[in-house]
Amino acid sequence: MHPASARAAEGLDARFASVGDDYAKLCAARLNIDMTRGKPSAAQLDLSNAMLNLPGNGDYLQADGGDARNYFGSVQGLLEARVLFARMMGAPPERILIGNNSSLALMHDCIVYALIKGVPGGAAPWSAAKSIMFLCPVPGYDRHFAICEAYGIKMLAVPLTGSGPDMDIVERLALDPSVRGMWCVPKYSNPTGEIYSEETIERIARMPTGAGDFRVFWDNAYGVHHLTGRPMEIANILELCEQAGHSHRPLVFASTSKMTFAGAGLGLLAASEANIAWFVARCSQRSIGPDKLNQLRHVRVLRDHAGIERLMAAHRKLLQPKFEAVDAAFARRLQGKGIARWSKPLGGYFVSVDVHEGCAARVVALAKRAGIEMVPAGQTFPYRTDPRDSNLRIAPSFPPLNDVSAAAEGIAICIEYAVAEHRSSERKG
Ligand code: PMP
């Protein structure tokens, strides 16, 4: 071995030994911290406790005089609730549908209805085609990918660039008539924190597609979930698609799961009139109507868009220190070492970390042994397979701040350890 490489190898082994000590200490601390899913903390849920007493004894009249306790009105949801969320959804109330407790369920149902019945502008149900494919910007939301997998929709991964998916690739793949749709989390994306640029959104709206009934599943789950005092805005996909002559292309989703109560909030859909009519017609067989009392509860507590902003500012106060703690721990241990890059999101619920190729699964295993539960490596990719074994998703919202700091420090140690181990085995190999 060249003397310089021998010295470098010795240096590496010395560092490996010291990070080995740090890892042993970490294990001895017997942590028990769950950093897996982006759940709101109890303190965040407390912000909406007023809802537990709403709409209140005797308060059940809808704006149109209907009785929210009874079957009444359309499956589209209460008008006053659709008015409340119109600005957040970027659509007028008549183009909004408010479902029950889960936006993911609305996405799932759109796909199932498209498969079985087809969509407006489509010649046949999607399932009539030999092969159906979706474009999946990566890393992305595992539950989107799970829906595709469950229904045999082939997923084509498209890399994210920092301002949305690589549009040269998207535009090329979208020309294939088998490609029927695309997942997008356009703002404070799960997990990269990505904010799609105006140019990206315009290209998505304008691009020619091989399938005449192509749908963009625009999951704006984090549209009002800012982590700084400077809220970011993105272009309105509904308007841009309409201008481009593709008004049926976007299905826009949002959720109050991370505003009021997770799993006990409201799922929202905004789309063209034809798409809303299509969804209403489909789900009218499924249900007589949504839980209007929950919609009324949200109207009473949030009141208007300013009320939404006030609530989200209170969430930010609780969340921001946790994201700062993750960044501080990573900067302390990993900065300048060339072994990991991590996102500094301006909103949303996640920090995305890209570690040295081939090390992500090992980091998760080391963290687990040290009592830090992370989402399995690969989960942020179609078929749960990250071809580079590099991406990790960190969810700092749920544990208390002290635990978040300890977990971030611990994960950074695991990253250093896994990379040192990997390099050492490469050298030996
Ligand atoms: N979309 C994204 C991008 C998410 O991260 C989540 C998880 N909160 C959801 C949808 C699920 O939302 P819901 O609870 O409304 O089903």
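Guide: The largest nonpolar core holds 100 residues. Such a core is a set of buried Ala, Val, Leu, Ile, Met, Phe, Trp, Tyr and Cys residues joined through side-chain atoms within 4.5 Å. Buried means under 20% relative accessible area, exposed over 50%, partly exposed in between (1.4 Å probe, protein chains only). F85, W218, F330, V353 and I415 have the most contacts inside this core. Helix α14 (residues 401-428) gives the largest share, 12 residues. Helices (H or I, at least four residues) and strands (E, at least two) are DSSP runs, numbered from the N terminus. Domain 1 (3-44 + 309-428) and domain 2 (62-303) each supply at least three residues to this core. The domain bounds come from an automatic or database domain assignment.

This is a predicted model: local features need pLDDT of at least 70, side-chain atom pairs count only at pLDDT 80 or more, and totals for chains, interfaces and linings use all residues. Residues are numbered from 1 along each chain as its sequence is written, and side-chain values use heavy atoms, with hydrogens and water left out.

Take I415. Leaving aside neighbours within four places in sequence, I415 is in contact (heavy atoms within 4.5 Å) with L334, I339, A340, V353, V355, V363 and L392.

A second, separate core has 32 residues, including V119, I153, I276 and F381. I276 is also one of the buried residues of helix α10 (residues 273-283). The buried residues of α10 pack against α5 (103-117) and the strands β2 (96-98), β6 (215-219), β7 (250-255) and β8 (267-270).

Now the loop between β11 (372-373) and β12 (391-394), where T380 lies. T380 is buried, with a relative accessible area of 5%. Its side chain joins that of N391 in a polar contact of 2.9 Å. A polar contact is a pair of N or O atoms within 3.5 Å; within protein, one must be able to donate a hydrogen and the other to accept it, and residues adjacent in sequence count only if both atoms are side-chain atoms. Not counting residues up to four places away in sequence, T380 touches V138, P139, G140, F145, P191, N391 and R393.

Last, the ligand. An N or O atom in the side chain of S102 is 2.8 Å from a ligand oxygen atom. A polar side-chain atom of Y222 lies 2.6 Å from an oxygen atom of the ligand. For K258, a side-chain N or O atom is 2.9 Å from a ligand nitrogen atom.
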